[in-house]
Amino acid sequence: MNTYMTDNESSKNTSFNLREFIEKYLYHWKWFLLCLVMAIIGSYLYIRYANPKYKVEATVLVYDKENESITSEISAFSDLGIENNNKSKLGTEMGILRSRDLTAQVVSRLGLNKIYFRDGRLRDISLYGNTLPFNVNFFGNDSLLRHRDTLISIVPISPTKFKLYNAQGQPMGSHLFGENVESYIANFTVIPTGTVPIEIGLKINLAIQPIINIANLYRSKLRIEQIDRETNLIMISLEDTNKERAEDIVTLLIEQYNREGISDKTLIAENTEKFINERIEGIFEELTSLDVNTQEYKTTNSLTNINSESELIINTNSDLEQAALELSTQLKLANYMADFIESNEDRLIPTNLGLSNNSLNQSTSQYNDILLERNRLLKGGNSENPVIVNLDTQLMSLKSSISQSLSNLKSSLSISLNDVRRQGNRLSSKITAIPKQERALKDIERQQQIVETLYLYLLEKREENAITQAVKSPNAKVIDTAYGSDSPISPKRNLVYLVGIFLGLLVPFLLLNIYFLLDNKVNSVEDIESVISAPILGDIPKSKNFNKFAFKANDRSPLIEALRVLRTNIEFILSTNKKPSKNIFVSSTIAGEGKTSMSINLACIFALSSKKVLLIEGDIRKDTIAKSLKVENKEGLTNYLIDPTIRPEALIESVSQNFDFLQSGALPPNPSELIMNGRIDELFAYANKTYDYVIVDTAPVSMVTDTILLSQNRADLFIYIVRANYMDKRMLKIPKKLLETNQLTNTAILLNSSDPNAAYGYKQIYGLRRRPWWKRILS
């Protein structure tokens, strides 16, 4: 029991004390140990019976369709300027991988909507793959099974025979393994797998769920993430209670994704081939029609090679023009000579003018020779000379012949010139028609060339598309195949135990906090100090011997030691009081706080120190002390207050050595008025002369005013009892108010029935402090 005598000392302890805070909880170590043991057991059971989860991962490289060497049907025409708008994005491919339809196809192919399991102690045990003793193969319309939600049970009764039960557990007959079984679901057979021996009597349950439900379940578990933003590598992971099943799902998901991609490419190639073939047929017909039109046009216009023919016509026309020019020149020369001959007599006719008539040229030359001869002879003779006359006759004949020849030549040249000109006009008309024919033929040939080019192009693309159909590349390449560790990712043993230990410590901590929060009882001296500023006299531990009052001088029990400490503290407080006798009043807020027992114990402990003690039962409304001391009821305090003739020594009785007792006496009708009649002062005057200590047990202050009336101006020390774990904290307002109004003086608080094992509050001394709990456990 510790004592805090001043407010300054008590204020020093109002700050937070970590050690006391920890010891406050260590006091309830049994609860922490119990919760910790339960948490560890719970963690073990959870690890033992929880469904383990395995994580399976696969890494794939998704090809970028933009860079594929074998293009789609649109990219096949990219060299025509048709833009490819079907560029794949990685996010799109990831969305396809996690699509519901693709997952449903995987579930359907693996038959995951047929769930096999057997009953366990605390949970059902799932069966798959190598753990399955047999498979159930259904026949008939599979679409009915895709939407079923039912359950059947199979119990082997021999290595070759089994019993069948429906969802309600009703038997449906016995059948042989491999036999066709007719049921309300569909016809099926049960085929042993051979991987696991068939256990006789072991019931295997088969739950059939709609495929879409199972697909949604695994779709929610599926994780598809891009490993690096700079690459097309993605990670596909799945968590499941069966590692083999998870690996099969991830592997088949990638396979089905590639199969769907190849199927799409095949469909694209087939549609492309169909389109190309249809266009080739149409273009072939159009090309044939254009060839026929070209043939007819050339036949109609008598054309073989329009360029060669036009060149020939131009050359011929040029020759005709040259011939016409020459004929015109000849005709003009002939006209000139004819005019010259007619207008000039006896003159030489020009020769070598380029006339093409040789006979005319010869006649002209002969005429000129004869004329020169005549003129030479005429110089030496006369015109009548027979030679000259003969020459004149020849000249006349030649001149007539030349004129006739010129006339004939002009007629011949005119005819030739007209013929040349007609031919020239005809060729000119042909030359004029050549551009129109050439343009018309070029139009036909241009159309023919365009159609022919497109025809050859489509033939080329048909071969490329045939290569596309022959070489079908997948959409993704598996970098790391689906793999899962044999160690489950959940539950993690260390983490579960760690969480269990944490909860095992947290739960009692929280519950204790709630308990402390809801606890409205006074538990410690700190609770009193937080409300009342009076000094604390100490605390008395809870003891089974508190009400026995049989003390011995050599008694070393914890209670006696605590009372000895209390006696010392009281003597210390009263050491400044020089009166030979001290009056100690004992009271409490409510009944049951141990003030009566404390008064008796104080009287006993002071009596052991050879002090004469008088214990007065000041609560005149009860006779509790007399019953506790097991003394015979007799006249007491009330009798003394009522009858002025009664002397105190006549009423006081001896309990033990140095310990006397004054009973309360008969119950009066007016206790308060009796206390105020003045007789009580005479009693205290007598007691102070006779005894060293006068201890007065008074009534609770919250019930009556007797205590205040008795203690006024008489109490050298007023001990206010507060019982731990009994008194409501809100009741502390009563002593607080009495102290603030000075209705109680010289008051000190005493905490009664404090827990000696508590690890908080004021530590017990002189043997009251118990050994730490860990030492008690080890011992």
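The protein has 23 helices and 20 strands. The structure described here is a predicted model. Of its 779 residues, 40% are buried. The accessible surface of the protein comes to about 42,900 Å², and carbon and sulfur atoms account for 52% of that surface. Among contacts between residues at least 6 apart in sequence, 78% join residues at least 24 apart.

One of the sheets was examined strand by strand. Four strands form this open sheet, arranged in the order β10-β11-β1-β12, with antiparallel pairing. Strands β10 (223-226) and β12 (476-484) stand at the edges; each has a single partner strand, so one side of each is left without a neighbour in the sheet. From one strand to the next, the twist averages 20°. Strand β1, which covers residues 54-62, runs antiparallel to β12 and is joined to it by six bridges. Within this pairing, V60 has V478 of β12 as its bridge partner.

Helix α4 (residues 90-97) lies across β1, β10 and β11 (233-240), and its direction makes an angle of about 170° with β10. Helix α7, formed by residues 211-221, lies across β10 and β11 and runs at about 120° to β11.

Aromatic side chains were considered next. A pair of aromatic rings is described by the distance of the centres and the angle of the planes. The structure holds 10 aromatic pairs. In the pair made by Y25 and F509, the ring centres are 4.8 Å apart and the planes stand at 35°, so the pair is classed as tilted. F509, with a relative accessible area of 29%, is partly exposed. Both residues belong to one aromatic cluster, which is formed by F21, Y25, F509, Y515 and F516.

Charged side chains are also placed over aromatic rings. The charged end of K612 sits over the ring of Y691, at 5.4 Å from the centre of that ring. In another such arrangement, R723 lies over the face of Y726, and the distance to the ring centre is 4.7 Å.

I444 is located in helix α11, which covers residues 386-470. Its relative accessible area is 16%; because a residue under 20% is classed as buried, I444 is buried. I444 and D291 are 153 residues apart in sequence, while their C-alpha atoms are 8.7 Å apart in space. S628 lies in helix α16, formed by residues 624-629. With a relative accessible area of 28%, S628 is partly exposed. S628 is 32 residues from T596 in sequence, and the C-alpha atoms of S628 and T596 are 8.8 Å apart.

Notes
Residues numbered from 1 in each chain as written. Predicted model: local features only at pLDDT ≥ 70, side-chain atom pairs only at ≥ 80, totals over all residues. Heavy atoms only, no water. Pairing = 2+ DSSP bridges. Helix = DSSP H or I, 4+ residues; strand = E, 2+ residues; numbered from the N terminus. Axes fitted to C-alpha atoms, helices over the stretch in contact; angles between N-to-C directions. Contact = heavy atoms within 4.5 Å. Buried < 20%, exposed > 50% of the residue type's maximum accessible area, 1.4 Å probe, protein only. Areas by Shrake-Rupley, 256 points an atom, 1.4 Å probe, with all protein chains shown as cover. Phe/Tyr/Trp six-rings, centres within 6.5 Å; stacked < 30°, edge-to-face > 60°. Lys NZ or Arg CZ within 6 Å of the ring centre and 35° of its normal.
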